Amino acid sequence: METLPLPSLQAFSALQLLRNTAPRLASDFAGLGIVFYDSLAALPHLRLEVGGDERFDLPVFGLEPICEVFARTARQSSAWHDGFHFVCAGTTTLTHLCQFIAPPLPGGVTDAAPRASGARHMTALLASKVAGIAAIGLLTHERAASIYEAGRLTASETL
């Protein structure tokens with residue numbers, strides 16, 4: 001069994017947010033991707049088009065209110081379920097919902113480049129290497145939580 005590196009304080013915060021959100025999730029939970037950042041200057045991203053009548057006032061401050069937003073958005077029946085959501089790591093503030101992110105590929109892509117299973121996990125792994133990104137947290141519809149930092153999986157558990 002592979003030993004994971006020790007996660008940072010930001011990774012513990014990301015995991016805690018996923019742990020607190022998990023019990024609130026509906027039966028049509030679709031998955032959740034969270035970018036914890038200090039700066040977004042180096043991460044290419046675009047807001048996804050969201051239809052429907054549901055609206056959210058951003059920013060959202062604090063762990064509990066953010067968990068409530070995630071529980072409402074991370075369901076198939078919500079127009080807000082797609083993409084990654086952004087949380088400012090220093091202030092625990094939800095600043096962006098439904099973002100498409102396009103992390104740069106490592107130079108000289110070869111068989112030795114880092115790998116992760118599935119597009120969302122590979123995106124998280126690569127985005128976690130971008131300057132200003134503290135950690136990326138994922139929660140799959142099977143309730144498997146993963147935290148990526150600096151291009152490595154640093155935490156993994158079933159919630």
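Start with helix α3: the cover over its buried residues includes β5 (93-101), β6 (133-139) and β7 (144-149). Here, contact means heavy atoms within 4.5 Å. Helices (H or I, at least four residues) and strands (E, at least two) are DSSP runs, numbered from the N terminus. This is a predicted model: local features need pLDDT of at least 70, side-chain atom pairs count only at pLDDT 80 or more, and totals for chains, interfaces and linings use all residues. Residues are numbered from 1 along each chain as its sequence is written, and side-chain values use heavy atoms, with hydrogens and water left out.

**Stop 1: inside α3.** Select residues 119-127, the span of helix α3. H121, M122, A124, L125, L126 and A127 are buried there. Buried means under 20% relative accessible area, exposed over 50%, and partly exposed in between (1.4 Å probe, protein chains only).

**Stop 2: strand β6.** Now select 133-139, one of the strands that cover α3. Seven of the seven residues of β6 are buried, so this strand is largely enclosed by the rest of the structure.

**Stop 3: the partners of β6.** Two strands pair if DSSP finds at least two bridges between them. Click V35: I136 in β6 stands opposite.

**Stop 4: the turn.** Follow the hairpin of β6 and β7, with four residues between the strands. Pick R143 in this hairpin: its phi is positive, near 70 degrees.

**Stop 5: T21.** Move to helix α1, residues 9-21, and select T21. Is T21 buried or exposed? T21 counts as buried because its relative accessibility is 0%. Show its neighbours: T21 touches L32, C67, F70 and A71, leaving aside residues up to four places away in sequence.

**Last stop: the whole chain.** Zoom out. The protein has three helices and eight strands. Along the sequence they follow the pattern α-β-β-β-α-β-β-α-β-β-β. Of the 159 residues, 46% are buried. Take the contacts between residues at least 6 apart in sequence: 66% of them join residues at least 24 apart.
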